[in-house]
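Work through the exercises below with the coordinates open, and try each task before reading its solution.

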Amino acid sequence: MCEQLHAVLLLSLAFAQGTCMFHNHPWGEWNDSQLQPTIQKLMKGYNRYLRPNFNEGPVEIGMSLDIASIDAISEINMDYTATIFLRQRWRDSRLVFPGNESVSLDGRLVSLLWIPDTFIPDSKRSFLHDVTVENRLIRIFSNGTVLYALRITATIACNMDLTKYPMDKQVCTLQLESWGYNLQDVVFYWTRGNDSVKGLDTLRLAQYSIESYYTSVSEAVYETGQYPKLVLHFALRRNVLFFILETYVPSILLVVLSWVSFWISQSSVPARTCIGVTTVLTMTTLMMGARTSLPNANCFIKAIDVYLGICFTFIFGALLEYACAHFYTMQHQTIEELQRELLREFRESNGTSCYPMVRAAQANQSVEISSSAEEATEQSEKRDANNHDGSKEETSGQGCSLSLVKDASRRVASVFVVENPHNIDRHARTAFPTAFLFVNILYWLYYLFL
């Protein structure tokens with residue numbers, strides 16, 4: 001019996017001398033002379049343009065997937081490329097034959113049968129493998145069940161949220177829908193639930209690890225009606241170790257390198273300037289390199305951008321710290337030199353009628369010089385003012401207001417006064433590492449656990 005069934009369903013490729021070669025026959029042009037007589041009986045009255053159970057209810061189509069590989073995941077294009085084995089099963093009562101065996105047919109016979117119009121809605125590019133022949137499988141069971149398998153490579157869109165890149169987790173989907181048949185015509189279902197998908201557990205990716213996956217059955221609603229839809233959801237967790245070694249560790253080392261200038265003498269201007277400028281430029285180059293493999297979208301402020309910005313701020317702050325320390329050091333030296341020069345000039349006055357006094361309120365405040373002649377002038381002005389009773393109160397009021405303004409200005413200036421410019425470096429040696437450690441703790445807590 002089995003031998004008869006095989007003989008009935010085997011494809012006969014009869015080529016006569018002088019006739020056209022097989023590949024000159026386009027698909028769908030099989031004629032009666034190319035099929036066994038028993039095949040003709042099986043296909044007699046079969047209309048491949050009408051679905052099974054026509055006018056009798058929807059056709060139930062079971063599906064299963066084997067994920068052979070995920071070749072590439074692109075953050076720039078927000079898609080992934082996967083090679084899958086898609087298997088579809090349905091029952092066609094027109095193909096029932098006696099016995100309990102199944103027969104595998106040549107894939108080119110697909111043009112003679114009705115097949116579902118399944119498609120991937122999020123696919124950007126896809127193709128059916130054709131080496132050495134088109135990778136199709138058709139298997140017909142005695143109860144009329146048809147197994148149709150394909151090997152497809154498709155580039156599928158995946159919406160990604162990169163705000164936590166590279167500590168991100170992406171959830172991508174693979175959707176299967178019917179193009180022309182709505183829910184009244186066909187119904188999709190997973191043959192074994194989550195077990196209908198194979199290959200994800202053993203898949204190994206370069207930057208990702210597959211955290212979990214599950215399947216779901218849904219409906220696609222369009223203007224033309226409701227269509228069956230199957231969805232495979234899988235979560236991808238990015239491996240952050242690569243980025244720690246490639247970006248984070250060099251950034252931290254650059255920040256630490258910028259702190260070396262705090263232990264270099266302020267008089268070594270070329271050394272400290274060279275360290276500051278070199279670290280700033282190196283950090284800029286590192287920031288540009290980290291963005292080359294990412295989408296240039298302003299809507300994404302990624303975690304790696306935040307960290308690189310923090311490191312750049314600390315490095316640039318170390319350079320500004322030396323600028324401030326050098327400025328106060330030069331100011332302090334200028335005031336000391338001015339004091340010494342004035343004292344030397346006062347000693348060389350050789351007993352003249354002027355006896356100058358030098359008073360410096362602070363080390364870097366302006367030097368006030370007064371003499372006995374100036375005091376005498378002020379006393380004479382005061383005596384003249386006493387002779388005018390009408391203007392006495394006005395003059396004293398102006399003098400009081402001027403003294404108050406001077407005192408207020410001196411208090412404001414004393415806030416920005418640095419008695420010892422070397423203390424700036426001493427405080428920076430503690431403040432910069434402490435602040436950087438505190439910011440790092442907040443950063444990693446937020447992006448890893450929140």
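Predicted model: local features only at pLDDT ≥ 70, side-chain atom pairs only at ≥ 80, totals over all residues.

**Exercise 1.** Is the crossing of α3 and α4 left-handed or right-handed?

Residues are numbered from 1 along each chain as its sequence is written, and side-chain values use heavy atoms, with hydrogens and water left out.

*Solution.* Begin with the elements themselves: helices (H or I, at least four residues) and strands (E, at least two) are DSSP runs, numbered from the N terminus. The axes, which are lines fitted to C-alpha atoms, for helices over the stretch in contact, with angles from 0 to 180 degrees between N-to-C directions, come within 9 Å for α3 and helix α4 (residues 269-290) and cross at roughly 165°. That makes α3 roughly antiparallel to α4, given that angles under 35 degrees count as roughly parallel, over 145 as roughly antiparallel, 65 to 115 as roughly perpendicular and the rest as oblique. The crossing of α3 and α4 is left-handed, a term used if the near helix is turned anticlockwise from the far one by less than a right angle, and right-handed if clockwise. In contact (heavy atoms within 4.5 Å) are residues of α3 including P250, L254 and L257 and residues of α4 including I275, M283 and L286.

**Exercise 2.** Describe how α3 packs against α8.

*Solution.* Helix α3 (residues 241-259) and α8 pack at an angle of about 160°, and their axes are 11 Å apart; the two helices are therefore roughly antiparallel to each other. The crossing of α3 and α8 is right-handed. On the α3 side Y248, I252, V255 and W259 take part, and they meet F432, P433, F436, Y443 and W444 in α8.

**Exercise 3.** Check the length of α8 against expectation, and then look for a bend and for the buried residues.

*Solution.* The expected span is 1.5 Å times one less than the number of residues, so the 28 residues of helix α8 (residues 422-449) should span 40 Å, and the end C-alpha atoms, 41 Å apart, agree with this. Buried (under 20% relative accessible area, with exposed over 50% and partly exposed in between, for a 1.4 Å probe and protein chains only) are D425, A428, F432, F436, N440, Y443 and Y447 in α8. An α-helix has 3.6 residues a turn, so residues three or four places apart point the same way.

**Exercise 4.** Which residues does a cis peptide bond join, and which non-glycine residues have a positive phi?

*Solution.* Most residues other than glycine have a negative phi, and most peptide bonds are trans. A cis bond links V131 to T132, with omega about 0°, and T132 sits in the loop between β5 (123-128) and β6 (136-141). Another cis bond links Y165 to P166, with omega about 10°, and P166 belongs to the loop between β7 (145-157) and β8 (169-178). As for phi, N53 has a positive value of about 55°; N53 lies between α2 (37-43) and β1 (59-74), in the loop, and is partly exposed at a relative accessible area of 28%. M78 also has a positive phi of about 55°, in the loop between β1 and β2 (79-91).

How values were computed: Bend = angle between axes of the 7 residues up to and from the residue.
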